[in-house]
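Thanks for coming. I will take a few minutes on one protein chain, and you can follow along with the sequence and the structure.

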Amino acid sequence: MAALDNDRLEEAMGKVFTELGVSCTAPLVVLGDRLGLFGALAGAGPLTSAELAARTGLVERYVREWLRGVAVAGYLGYDPGTDRFALSDEYAAVLADETAPTSLIGVFPGFQALWADLDRVEEFFRSGGGMGWGDHHPALGAAQERFSRPAYVHGLIAEWIPAVDGIVAKLEAGARVADVGCGYGLSSILVGQRWPNSVVTGFDPDDDSVAHARAAAAKAGLDGRVAFEVADATTYPGQGYDLVTFTDSLHDMGDPEAAVAHARAALADEGAVLVIEPLAADRFEDDFANPYARVGYAISTLVCTPSSLAQPGAAALGAMAGEARLRDVLAAGGLTRIRRIAQESAPVNIILEARP
Ligand SMILES: C[S@@+](CC[C@H](N)C(=O)[O-])C[C@H]1O[C@@H](n2cnc3c(N)ncnc32)[C@H](O)[C@@H]1O
């Protein structure tokens, strides 16, 4: 073996060691979320471990160790003079306030599923098999919903759907919407809430996701107007949809071209398809500058590629297909009038409007 370059070795050690810290902090972040620690710190000013333990009803010794772990990670300020820890308003907007557009806290609980399902994914590397969303640890679906919420409230509803040419007038008057690959139904429910004259049906092949979606719609008082059915993207029923949405789902499908062709056939005259996909470059080498790429490729390897490879078609588009490849899929499915929309309000997504 050739002699190692010491400077480069130190650099490699430093980078991986630092990132080992990030990986270890993630479970502490999940505990901070589950136990209400971030919520109790938000807006409270500096607190000692005893004060935070009293506010949360938790055991001081555990709270102290957690505070130190999260503080050395850089998420909390610490004053050695008073032995107090503080969560700044900016970190609170990322870790504590789930209504903030900047919230990232919902991503972290999903790591439990990525680790829990790792043995199965390892085997797929040898066998070429795959697994659907419903076969994963339940933390995945729940995290997907929480992760999507800030982007869907502040992006999908406020900016992305309204950017589809002529759709707002139709939704206000009363449109028919199909949400394909709806998961826990968040996007369908938000559309139903924002445009009460419209009727939305969410489709997903995973029964558990559909059960969650139905329960969420009932809780939101949307029974009847926002409905969910267990169905695949290539076979769901209905015709005359004014809008068909694929919210972060097209790349998870076994045959995305067939899914697009089915949507095309189900569209009303002048209907539109809206595709929401993760931000990815057309050339892989350009993804090194993409802030989302690291998350995107990891999730794609562990969840999205297995999802597609478990299905007929096994296209394995990957979550990081990029705009040019997505346009090819849409065109192959018969949608040739394609427009990239809402770019300024979608920092980590590609949003495409597509029509026959
Ligand atoms: C990343 S999740 C997105 C869920 C939801 N739309 C959201 O944005 O939170 C992808 C979803 O696509 C669904 N899916 C995978 N293959 C599908 C298929 N062939 N037809 C319809 N949905 C599919 C999965 O079950 C999963 O719920």
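Salt bridges, fold and domain interface

A search of the whole structure turns up 16 salt bridges. Before going further, note that this is a predicted model. In general terms, side chains of opposite charge can pair when their charged atoms come close.

One of the pairs is R84 with E51, where the closest N and O atoms are 2.6 Å apart. Which parts of the chain does this pair link? R84 is in strand β2, residues 84-86, and E51 is in helix α3, residues 49-56, so the pair links distant parts of the chain, 33 residues apart.

Next, the overall fold. The protein chain has 14 helices and nine strands. Its radius of gyration is 22 Å, close to the 21 Å that the globule rule gives for 356 residues, so the chain is as compact as a globular protein of that length. Along the principal axes, the C-alpha atoms fill a box of roughly 70 × 60 × 35 Å.

Now the domains. The chain is divided into domain 1, residues 6-97, and domain 2, residues 109-355. Their C-alpha centres lie 33 Å apart.

How many residues of each domain are in contact with the other? Six residues of domain 1 are in contact with five residues of domain 2. The size of an interface is often given as the accessible area lost when the parts come together. Here domain 1 and domain 2 bury about 390 Å² between them, with 40% of it on carbon and sulfur atoms. On the domain 1 side, E19, V30 and D33 lose the most area to domain 2, together 64% of what that side buries.

Two salt bridges are found across the interface of domain 1 and domain 2. E19 forms a salt bridge with R294, and the closest N and O atoms there are 2.8 Å apart. As for polar contacts, three residue pairs are counted between the two domains. The side of domain 1 that touches domain 2 has four charged residues, two nonpolar and no polar.

Terms used:
Residues are numbered from 1 along each chain as its sequence is written. This is a predicted model: local features need pLDDT of at least 70, side-chain atom pairs count only at pLDDT 80 or more; totals for chains, interfaces and linings use all residues. Side-chain values use heavy atoms; hydrogens and water are left out. Domain bounds come from an automatic or database domain assignment. Contact means heavy atoms within 4.5 Å. Buried area is the accessible area (1.4 Å probe) that two parts lose on being put together, summed over both. A salt bridge is a side-chain nitrogen of Lys or Arg within 4 Å of a carboxyl oxygen of Asp or Glu. A polar contact is a pair of N or O atoms within 3.5 Å; within protein, one must be able to donate a hydrogen and the other to accept it, and residues adjacent in sequence count only if both atoms are side-chain atoms. Ala, Val, Leu, Ile, Met, Phe, Trp, Tyr, Cys and Pro count as nonpolar, Asp, Glu, Lys and Arg as charged, and the others, Gly among them, as polar. Helices (H or I, at least four residues) and strands (E, at least two) are DSSP runs, numbered from the N terminus. The radius of gyration is taken over C-alpha atoms; the globule rule is 2.2 Å times the number of residues to the power 0.38.
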